[in-house]
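Open the model in your viewer and keep the sequence panel beside it. This tour goes from one selection to the next.

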Amino acid sequence: MTDPIAIARDSILAPAGLAESDLDRLLGSLTSASIDAADIYFQYSRLQSWVLEDGILKDGSFSIEQGAGLRAVSGEKTGFAYSDELQFPALAQAAEAARAIARGGQDGRVKVGRAPMQRRLYEPLNPIESLPDKEKVALLQRVDAEARRQDPRVREVVASLVAVQDTVMVLADDGTLAADIRPLVRMSVSVIAEENGRREQGSSGGGARADLGYFLVEDRALGFAREAVRLALTNLDAVEAPAGTMTVVLGAGWPGVLLHEAIGHGLEGDFNRKGSSAFAGRIGERVAANGVTVVDDGTLPGRRGSLNMDDEGTPSQNTVLIEDGILRGYMQDKLNARLTGSAPTGNGRRESYAHLPMPRMTNTYMLAGSRDPAEIIASVEKGLYAVNFGGGQVDITSGKFVFSASEAYLIEKGRIGRPVKGATLIGNGPDVLTRVSMIGNDLKLDEGVGTCGKEGQSVPVGVGQPTLKIDSLTVGGTGK
Amino acid sequence: MPTATIEETGERLARLQGIIEDLLKEAERQGASAAEASVGSSSGLEVSVRLGEVETVEHTRDNGLGITVYFGHRKGSASTSDLSPAAVRDAVRAACAIAEHTQEDRCAHLADPDLLATEVPDLDLCHPWSIEVAQAIELAVACEDAARAYDPRIVNSEGASLSTSFGLHVAGNSNGFMGGYPTTRHSLNCAVIGQQGDMMQRDYWWTTARAAMDLDPARTVGERAAERTVSRLGARRLGTCEAPVLFRAEVATGLLRSLVSAITGSNVYRRSSFLLDQVGEPIFPDFVRIYEEPHLLRGLASAPYDGDGVVTRPKDLISAGVLQTYLLDTYSGCRLALPTTGNAGGVRNLRIDMGEKDRAAMLRELGTGLLVTELMGHGVNAVTGDYSRGAAGFWVENGEIQYPVEEITIAGNLKEMFAGLVAVGNDCDFPGSTRTGSWLIDRMTIAGE
């Protein structure tokens, strides 16, 4: 069985004894004359995780979450209730609570659900069952051994493996009937290296919407172990990071977290409808240098941030946010699209059935330019070359954003110099991209470890970019 | 809506205890040598309003159970949102399946029976609020109205929201521990946007308490949010420099959190802390006392027992500037060859002894330097203590606020910052389980233009 709707019916509706007619009644009772939109989101999610520490596989857990979220929308008002019991009476009670947002009225009429064309960016597989448990344990042990084998200075190794299968089904009064079976795997490796009393950490990892075989291809998992050790050892040599405003060259790939923070959040439809974003009302204006094109693309096969459909049943798409420096579009869910007279862009996402959907990013990245990365470094007299980052944060109203480097080097006279300690970089979203003076030809996407938080909800996302030169950005070190 | 009577609460607690008993029995039946389980059930209401109109009305209802089984010194865990008898069996089976593959870990065991809580003192944590949706909306609107009326420069709003929740949590283990109690939590918050020229600023305020009567008035919360927003308008940057930094009370909590993280057992045995081998050593100047009070009546983080079922106890973490203890659970204690300190699940109601100086006196003590009111990002390195974060606040000269500042970073090392703590104010004026005044740190690097 590979039809997502059939799988969802089988794993969610059938065990709860929910028939097609029950769904029609529920949706009908959510809807009334004064309701503009209503939907029901069913979810059945299984997660398995394993942790290896001190060379032993010490912890494992398995969790199952299931439930349904019922939403009724009237104008800008949303009524929402959810239940982790899927039997009809519990759902009917939730529907009653959700629709109380619109007073009075008769039960509404609902369009008959039609299954849309299905995308297949990833297979509807269960990654938990894609590898025997014994082999998952063995994989983590090989990762541990690989890390320790690299260097005697490696003191601690923590490695973890997580596999998730998320089955979701959406019914809406606009005729949506859609389902998606979402696999997600992730591995993380973190090491501590010690030398002469100094300790430093290095972390690496990756993931995808795939089965666990993903980590076995070309010994990818062992590569994470080597990368974590390389980072920890590099940091053992790091000197103080500089403080002040300077030229910063950002490496390709994960440093694209810059785009996520500096402009991505500010271009989410809810903030722009409400006028709370520093980008509100600026479509058509220049917000970046010539040559800068940024997209949010949920359609990349197998990527962590990709979705066959969003959590409202809208197929994901490739949305141009900035085209050659000009602001072109926002990311929308159904509610914000309707209220602003635009079209949904497949960005309506939610952490789970117990959360309301809102506009969220998928995979956000900048298209490649023409410069050789070596030429970009060579053009810098004095500055910072930052290639690995931890998380970031943005204040979408003032536009100020930060992101923290975890691997960075000084650039002196066009050459990469000593590694420097991690430092936070801070800038202003609406103008940071106007200071991009060179764009590399080396577009790279991240390894698949990103998680984005917004209003308390976490969703998996991706970022990417080519090597970028930014003429002035503030670096928060302690050095001169 | 959380309108449970005492009787209903008793019945529901008994039902959840029944589920724990079933879980433990099932674990034994499936061959586990020991097991621990927890089950929770909560319900609540959250309303949000924006520009005077309702935006969302959410009815929340969450259930969950978790089980950890031990086969000697191998363990496995499982959890589910489903509390049905079939789910109980499946969860235990899943946990046992995991334990087939985990390896012997001598520290994987339950807490010593002598340390387990045998009774559950009433810490006055449950005050259900039978507020109707309409009334909740009215309060949130009043809060936002107060913020919007505060100043003509408040031009927009992210809204106000009110939430109330009632929860039951029961835990037990095969060493004879069984405990459970109800809790409530209510909060009201507001965020508004101000504009001056082309620049917008946003800020927020909130109140939260176990009992609705302990919440700050809606008007106060709204006005505070607006006052904070307006004060940020016209922010400038600073030049790169070194200066003393005053962390306003609500951001000084972040420094306390960094301390707690550095002395938490799991980080210590993993050597992921900048405070290894420091018990008995001075970390702060000798005027500093930092302690936890887990049994505070109505305390937001109060708990009679920890996540292992071990009795919690009030204690000093720092006395006269000296680190007194790590924060240990059963597992990390075993790893460090120390007894648990009853801190499975963290520290509860953290406090620092506050000094004599109020807000104005702390500014005078700062003299010329930076007052930080907001921090951004995650730039704290737990292993080295290196600290570098985005900041916003005010530039202060001779004890007087000059102008708001933004788009700067502050950097240093937590070890040096703790040792360089000059004074703690008595200006604790924010809600939450942690109580501290503002912290004056002698010197940090500020990066700006």
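The stops below follow strands and their partners. This is a predicted model: local features need pLDDT of at least 70, side-chain atom pairs count only at pLDDT 80 or more, and totals for chains, interfaces and linings use all residues. Residues are numbered from 1 along each chain as its sequence is written, chains are lettered from A and ligands numbered from 1 in the order in which they are written, and side-chain values use heavy atoms, without hydrogens and water.

Find A:Val51; its bridge partner in E2(A) is A:Asp59. Two residues separate the strands in this hairpin, where A:Asp54 has a positive phi near 55°.

Now E3 of chain A, residues 77–83. Seven antiparallel bridges link it to E2(A).

Cross to chain B and select its E3, residues 74–80. Here the pairing with E2(A) is parallel, over four bridges. A:Phe62 has B:Ala78 as its bridge partner.

Last stop: the open antiparallel sheet of chain B, ordered E10-E9-E8-E11. E10 (322–323) and E11 (350–352) of chain B each have a single partner strand, so one side of each lacks a neighbour in the sheet. Zoom in on B:Ile318, opposite B:Leu323 in E10(B).

Key: Two strands pair if DSSP finds at least two bridges between them.
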